[in-house]
Amino acid sequence: MMTDGERNINMLFEQMGMDGDDAAVEQFIQENQLPQSLELSDAPFWSDSQRKFLKDEYRADAGWIEIIDELNTRLHKDAMDAQKLTK
């Protein structure tokens, strides 16, 4: 498990066994937008181990927390943008 150095979203994807390439990350985010009511860790596309990693890191307020928050925001962007339009 990676523990040293500055982390970024590409490293988070790699940590979860996914392609961390910029294009792959962007494609994943665009293709997997979540409704506002669905929590990041409850998304249907995570494996059990990925879901556990996200939950454990978030609960522990661990070193990945800021990057997980970024991923959460980016995966809910369409829902947040739609909500702004209705206000």
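This note goes through helix α4, its packing against α2, and several individual residues of the model.

1. Basis of the values. The model is predicted, and local features need pLDDT of at least 70, side-chain atom pairs count only at pLDDT 80 or more, while totals for chains, interfaces and linings use all residues. Residues are numbered from 1 along each chain as its sequence is written, and side-chain values use heavy atoms, with hydrogens and water left out.

2. Helix α4. In helix α4, which spans residues 65–75, the buried residues are I65, I67, I68, L71 and L75; here buried means under 20% relative accessible area, exposed over 50%, and partly exposed in between, with a 1.4 Å probe and protein chains only. Helices are DSSP runs of H or I with at least four residues, numbered from the N terminus. Viewed down the axis of α4, these buried residues fall within an arc of 165°, so they line one face of the helix, the arc being that of the directions from the helix axis to the C-beta atoms. Their cover includes α1 (9–15), α2 (22–31), α3 (48–59) and α5 (77–86).

3. Packing of α2 on α4. The axes of α2 and α4 are 9 Å apart and the two helices pack at an angle of about 50°, where axes are lines fitted to C-alpha atoms over the stretch in contact and angles run from 0 to 180 degrees between N-to-C directions. The two helices are therefore oblique to each other, since angles under 35 degrees count as roughly parallel, over 145 as roughly antiparallel, 65 to 115 as roughly perpendicular and the rest as oblique. The contact (heavy atoms within 4.5 Å) is made by E26, F28 and I29 of α2 together with L71, R74 and L75 of α4.

4. H76. Not counting residues up to four places away in sequence, H76 touches Q33, L34, P35, Q36, L38 and L40.

5. L34. One of the residues touched by H76 is L34, placed in the loop between α2 and α3 and buried with a relative accessible area of 5%. Leaving aside neighbours within four places in sequence, L34 is in contact with L40, A43, F45, L75, H76 and A79. The C-alpha atoms of L34 and M80 are separated by 9.8 Å, although the two residues are 46 residues apart along the chain.

6. Q50. Helix α3 contains Q50, which counts as buried at 11% relative accessibility. The side chain of Q50 reaches the backbone nitrogen of S47 at 2.8 Å, and beyond its neighbours within four places in sequence Q50 is in contact with M16, M18 and F45.

7. Exposed residues. E31 of helix α2 counts as exposed at 54% relative accessibility, and a polar contact of 2.9 Å joins its side chain to that of Q27; such a contact is a pair of N or O atoms within 3.5 Å, where within protein one must be able to donate a hydrogen and the other to accept it, and residues adjacent in sequence count only if both atoms are side-chain atoms. D61, in the loop between α3 and α4, is exposed with a relative accessible area of 57%, and D61 has a positive phi of about 50° although it is not a glycine.
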